[in-house]
Amino acid sequence: MQRDSVKLHLEVNNISFNYNNLPILKDVSLSIDGPGLYTLFGESGSGKTTLINILSLIQKPLAGEITIFNERVDFKNETQIQQLRNKIAYFFQDLNLIESLTIRENLDVISLINGQPLSEEYVTIYSKSIRIYEKLDIPVNHLSGGERQRASLLKVLVFDYPLILLDEPTNNLYRDNISTIIELLNEIKKDRMVLVVTHSDLIAKNANQVYLLSELNKGIGKNEK
Ligand SMILES: Nc1ncnc2c1ncn2[C@@H]1O[C@H](COP(=O)(O)OP(=O)(O)OP(=O)(O)O)[C@@H](O)[C@H]1O
């Protein structure tokens, strides 16, 4: 499958973030070079979601620099932020699907938002590989929790996202589904950077590199929890 080529590189230099003057992240640096599966571990409340929000360009760091695909991020440049966001997939814990629409219609909506055409070929290949193909034309509010999770993952897979950020992707899944997700992560890591916040040892075992937020973060957040 042919995808647009961008330099698969992510560089985070000394970023900091506070909530209500309480430092959560302080001087966090991280460098990811090349395709692969990278995992981020950390205790509850240590700032993992905050870091992922910053990398997905939803939240602006208080200080520090981020370079994505060799482009230095300028948080004041709305055009650049929007263009970069269209290349970054963020799989939220709360899934973010439109309940009354079918899975396929949800994909159509995202296609309109991110300006990327929806490839029938990708929809078929990936929906079969995560066993959601039979449900593509069912409204989301008729799906089980695990099916929703897989539908949400499908959104990430079918579009051209060179950087994929996943926050606890296996939370609601049973073990056989987790194995499916791991198989898939092993497939997509071949040509994309996949950064996963997870507590799953199974995912960590398949990672090219495991990052511990407690080691990256000099903030108060790490000591207080
Ligand atoms: N909107 C907010 N306002 C104030 N404090 C917040 C806000 N969001 C998160 N926090 C606090 O920031 C800290 C880091 O939160 P974050 O969600 O990044 O942690 P996490 O490592 O992802 O946790 P978990 O594993 O439990 O999801 C926590 O102490 C949390 O209470």
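Two residues are in contact if their C-beta atoms, placed from the backbone, lie within 7 Å. The legends below describe close-up views of a predicted model.

**View 1. Contacts of Leu163 within the predicted model.** Once neighbours within four places in sequence are set aside, Leu163 is in contact with Leu10, Ile68, Lys87, Ile88, Arg192 and Met193.

View 2. In soluble globular proteins, nonpolar side chains tend to be buried together.

View 3. Strand β7 covers residues 163–167 and includes Leu166. Is Leu166 buried or exposed? Leu166 is buried, because 25 other C-beta atoms lie within 10 Å, and a residue counts as buried at 20 or more. Apart from neighbours within four places in sequence, Leu166 is in contact with Phe91, Val194, Val196 and Val197. Between Leu166 and Thr198 the separation is 32 residues in sequence, and their C-alpha atoms are 8.3 Å apart in space.

**View 4. The shell around the ligand.** The ligand is surrounded by 12 residues, and the closest are Tyr19, Ser44, Lys48, Thr49 and Thr50. By type, the shell consists of 9 polar residues, 2 nonpolar residues and 1 charged residue. Helix α1, formed by residues 48–55, gives the most to this shell, with 3 residues.

View 5. Leu57 belongs to the loop between α1 and β4, the latter comprising residues 63–68. The phi angle of Leu57 is near 65°, a positive value in a residue other than glycine. Most residues other than glycine have a negative phi. Leu57 is partly exposed because 18 other C-beta atoms lie within 10 Å, a count between the limits of 12 or fewer for exposed and 20 or more for buried.

**View 6. Asn70 in the loop between strands β4 and β5.** Asn70 lies in the loop that joins β4 to β5, where β5 comprises residues 71–72. Although Asn70 is not a glycine, its phi is positive, at about 70°. Asn70 is exposed, because 11 other C-beta atoms lie within 10 Å, and a residue with 12 or fewer counts as exposed.

Technical notes:
Residues numbered from 1 in each chain as written. Predicted model: local features only at pLDDT ≥ 70, side-chain atom pairs only at ≥ 80, totals over all residues. Near = placed C-beta within 6 Å. Helix = DSSP H or I, 4+ residues; strand = E, 2+ residues; numbered from the N terminus. Nonpolar A, V, L, I, M, F, W, Y, C, P; charged D, E, K, R; others polar.
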